[in-house]
There are 2 protein chains.
Amino acid sequence: MKVAFVIYDGMTALDFIGVYDPIARLKTMGFIPDLEWQVCACSHEVRDGTGLCFVPTKVGEPLEDYDMIIVPGGVSARTLIDDVQFIDWIRTARSSSIKVSVCTGALLLGAADFLRGKRATTHPKAFEDLRGFCRSVVSERIVDEGEVITAGGVAASIDLGLYLCERIVGPEAREQIRQQMDYRWSD
Amino acid sequence: MKVAFVIYDGMTALDFIGVYDPIARLKTMGFIPDLEWQVCACSHEVRDGTGLCFVPTKVGEPLEDYDMIIVPGGVSARTLIDDVQFIDWIRTARSSSIKVSVCTGALLLGAADFLRGKRATTHPKAFEDLRGFCRSVVSERIVDEGEVITAGGVAASIDLGLYLCERIVGPEAREQIRQQMDYRWSD
């Protein structure tokens, strides 16, 4: 299984890391030993919305050949929806079986035309921005429309990560990973 | 207010980011406009326990002159407690008013002799490792001993971050930040 974590300048780090942690544990805790993940960006360094610097593992390469791509939100998402080059890059993920967003990452999936005809969610303060991109915006923590899964704001990333663990491997894996993360809550 | 986020090879990214997110919002949401934070390490790049690469803002500089230092846990923490050079570096934070750990970061505070005579907590699976470093290990989400605050495993970082927001600025700031993070839970 191959996973792409998309990162970009102005993203919210916790949107990314909250789902990265449980997904990476699918490998380290032995549930999917051959899990491969890449951190994909358009530049050699990426700074989050408050300046924290990450180094991606793939730069400027198409998002093809991934089973799942995960797109965080961030302060820059509302402007990136009009960045043709960036959205064209996100669109290269069209063949991924599962396209996932956290928070305002849903706007980017929407701009890439992945939400057409689907229900979706995002950060509660971005519901209006999302309306034009999907069939209906719903106030749920995680909205699973099969090949597209959207989640609420920032900290919903952890709930989403655990949800994906369960969907991909099953409830026992989810519970073991939740315990190892010392996460108290379960949807 | 000056905050040092300590990072090191083998740390757990969510330990760091879960507290970084709410603390950074103290500045971006206007509660502490002059908040300054640095990401402090001993090397120019830092890889977490599963290979994700961060770039620190301060490399090899003493951890002096910070009001608060925050130390994450990670798979490498149990070996780093015997790394004299690393622990000596952590010890340069002795004059910080608040020394904070997430998860097995408590072992590093312990090895630096910051937990002597104090109650402390860590990841539930590391309770035995912590015993030699403190007065008593307690199974609580957050243990506040005044100048030293320790928290539980990995995802406890978010609860800790919100706790620190309340302690530093007050409950109204905590609640506004919690809402903006779309975090559902409140201790």
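Visitor: At what angle do the axes of helix 6 and helix 7 of chain A cross?
Guide: Helix 6 and helix 7 (residues 171–180) of chain A cross at roughly 145°, and their axes come within 6 Å. Axes here are lines fitted to C-alpha atoms, for helices over the stretch in contact, with angles from 0 to 180 degrees between N-to-C directions. Helices (H or I, at least four residues) and strands (E, at least two) are DSSP runs numbered from the N terminus.

Visitor: Which residues make the contact?
Guide: Helix 6 of chain A brings A:Leu162, A:Cys165 and A:Glu166, while helix 7 of chain A brings A:Pro171, A:Ala173, A:Arg174, A:Ile177 and A:Arg178. Contact is when C-beta atoms, placed from the backbone, lie within 7 Å. By class, that's five nonpolar, no polar and three charged residues. Ala, Val, Leu, Ile, Met, Phe, Trp, Tyr, Cys and Pro count as nonpolar, Asp, Glu, Lys and Arg as charged, and the others, Gly among them, as polar.

Visitor: Before I go on, what sort of model is this?
Guide: It's a predicted model, where local features need pLDDT of at least 70 and side-chain atom pairs 80 or more, though totals for chains, interfaces and linings use all residues. Residues are numbered from 1 along each chain as its sequence is written, with chains lettered from A and ligands numbered from 1 in the order in which they are written.

Visitor: How many residues of chain A are in contact with chain B, and which element gives the most?
Guide: 28 residues of chain A meet 28 residues of chain B. Helix 1 (13–28), strand 4 (53–55) and helix 6 (156–168) of chain A each give two or more residues to that side, and helix 1 gives the most, with eight. The side of chain A that touches chain B has 18 nonpolar, six polar and four charged residues.

Visitor: How does strand 4 of chain A pair with strand 4 of chain B?
Guide: Antiparallel, over three bridges, with A:Val55 opposite B:Cys53. Strands pair if DSSP finds at least two bridges between them. These two belong to an open, antiparallel sheet of four strands, in the order 3(A)-4(A)-4(B)-3(B). Strand 3 (46–47) of each chain stands at an edge with a single partner strand, so one side of each has no neighbour in the sheet.

Visitor: And the sheet of seven strands, what's its order?
Guide: In chain A the order is 5-2-1-6-7-11-10, open, with mixed pairing. Strand 1 (residues 2–6) and strand 2 (residues 36–41) of chain A run parallel over five bridges, and A:Val6 has A:Cys40 as its bridge partner. Helix 1 of chain A packs on this sheet, touching strand 1, strand 2 and strand 6 (68–71), at about 165° to the direction of strand 1.

Visitor: Is strand 6 of chain A covered on one face or both?
Guide: Both: A:Met68 and A:Ile70 on one side, and A:Ile69 and A:Val71 on the other, are all buried. Buried means 20 or more other C-beta atoms (placed from the backbone) within 10 Å of the residue's own, exposed 12 or fewer, partly exposed in between.

Methods: Contact = placed C-beta atoms within 7 Å.
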